[in-house]
Amino acid sequence: MSTNIEKKVVNIGDLQIGGDKKIIIAGPCSIESRDHIIDEAVELKKIGVDILRGGAFKPRTSPYDFQGLGFEAVNYLKEAKDKTGLIIATEVLSESDVDKMKDLIDIFQIGSRNMYNYALLKKVARTGKPIILKRGFSATLNEWEMAGKYIELEGNSNIIFCERGIRTFERETRNTLDLAGAYLLKKKTSYPVIVDPSHGTGRRDLIEPLVRASLAMGLDGIMVEVHKCPDNAKSDAKQTIDYETYKKISEYVGKFNENR
Ligand code: PEP
Ligand code: MN
């Protein structure tokens with residue numbers, strides 16, 4: 001991708017995001033139990049993954065749906081990290097949880113529903129930790145970029161933008177994955193831009209082709225939801241892939257990186 005903007009690399013331990021290699025963030029939508037996340041961490045580590053994701057505080061549309069295990073799950077995720085050495089990321093929903101979470105996790109995720117929650121953005125930014133900033137599902141590119149500025153102005157330049165689809169009139173997909181928008185933002189910003197085709201489409205049959213498209217466009221990596229038995233996942237089952245499909249994606253990303 002040709003652009004005159006100097007690109008920033010987000011460093012987390014030995015991992016570089018926004019550098020030469022494309023990165024993979026993978027894991028379940030929600031952490032369902034201690035065994036669930038530890039077993040999945042071990043499996044994904046075997047297959048190959050850069051960052052383990054798992055939801056503890058779940059921003060569900062319906063209050064009757066599974067809301068996540070909260071801090072119990074954050075602790076299980078930390079155990080999974082200690083066992084496997086994987087870098088971990090999870091979403092924070094509330095300002096009051098930030099201080100308690102910051103010593104347990106490596107990366108904070110700001111979800112689509114909170115992209116406009118500037119008080120939360122600032123509070124998380126001040127931890128200095130890397131932040132995955134999901135695009136609001138009705139946010140323009142400018143609004144998304146400006147949300148990133150709220151983080152930057154707190155002195156935190158560890159920002160990873162994540163395109164996760166926007167709401168359009170189309171109903172065959174859960175959201176419309178805006179790859180053109182992600183590409184445009186990548187041209188404009190210094191920060192890495194990754195793509196989440198899981199939330200971006202809501203359909204597991206679309207994950208592989210959109211991973212290929214994202215890498216081919218020069219975006220910096222992908223985030224995908226994976227589960228041992230996707231149909232039994234407590235949240236987002238329809239967009240969740242199994243280990244076999246994940247293996248194909250991981251191999252594809254590995255070969256892509258080798259051939260660069
Ligand atoms: C998630 O990644 O777990 C999530 C809830 O995504 P989003 O905020 O993009 O809906
Ligand atoms: Mn999900």
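Helices and strands here are DSSP runs, H or I of at least four residues for helices and E of at least two for strands, numbered from the N terminus. With that in hand, let's go through this one.

It's a predicted model, so local features need pLDDT of at least 70, side-chain atom pairs count only at pLDDT 80 or more, and totals for chains, interfaces and linings use all residues. Residues are numbered from 1 along each chain as its sequence is written, and chains are lettered from A and ligands numbered from 1 in the order in which they are written.

On confidence: pLDDT, the predictor's confidence in each residue from 0 to 100, averages 97 over the protein, and 100% of the residues score at least 70. The model has ipTM 0.99 and pTM 0.98.

The UniProt record, an unreviewed entry, puts "domain: DAHP synthetase I/KDSA" at residues 14-252. Such annotations may be inferred rather than shown by experiment. That span is 37% helix and 15% strand, and its end C-alpha atoms are 21 Å apart.

Now, the ligand. Which residues surround ligand 1? They are Cys29, Gly55, Pro59, Glu91, Gly111, Ser112, Lys134, Arg164 and His199, taking C-beta atoms, placed from the backbone, within 6 Å. By class, that shell has two nonpolar, four polar and three charged residues; Ala, Val, Leu, Ile, Met, Phe, Trp, Tyr, Cys and Pro count as nonpolar, Asp, Glu, Lys and Arg as charged, and the others, Gly among them, as polar.

Next, the inside. The largest nonpolar core has 67 residues, and Leu77, Ile131, Leu133 and Ile160 touch the most other members. Helix H2, residues 71-84, gives the largest share of this core, five residues. By core I mean buried Ala, Val, Leu, Ile, Met, Phe, Trp, Tyr and Cys residues joined through C-beta atoms within 7 Å. Buried is 20 or more other C-beta atoms within 10 Å of a residue's own, exposed is 12 or fewer, and partly exposed is in between.

Arg203 sits between helix H7 (197-201) and helix H8 (207-216), and it counts as partly exposed because it has 15 C-beta neighbours inside 10 Å. Beyond four places in sequence, Arg203 touches Thr173, Lys238 and Gln239, contact being C-beta atoms within 7 Å.

Asp236 is in the loop between strand S10 (221-225) and helix H9 (243-258). Is Asp236 buried or exposed? Buried, because 21 C-beta neighbours lie inside 10 Å. Its phi is near 55°, a positive value in a residue other than glycine. Most residues other than glycine have a negative phi.

Terms used. Two residues are in contact if their C-beta atoms, placed from the backbone, lie within 7 Å.
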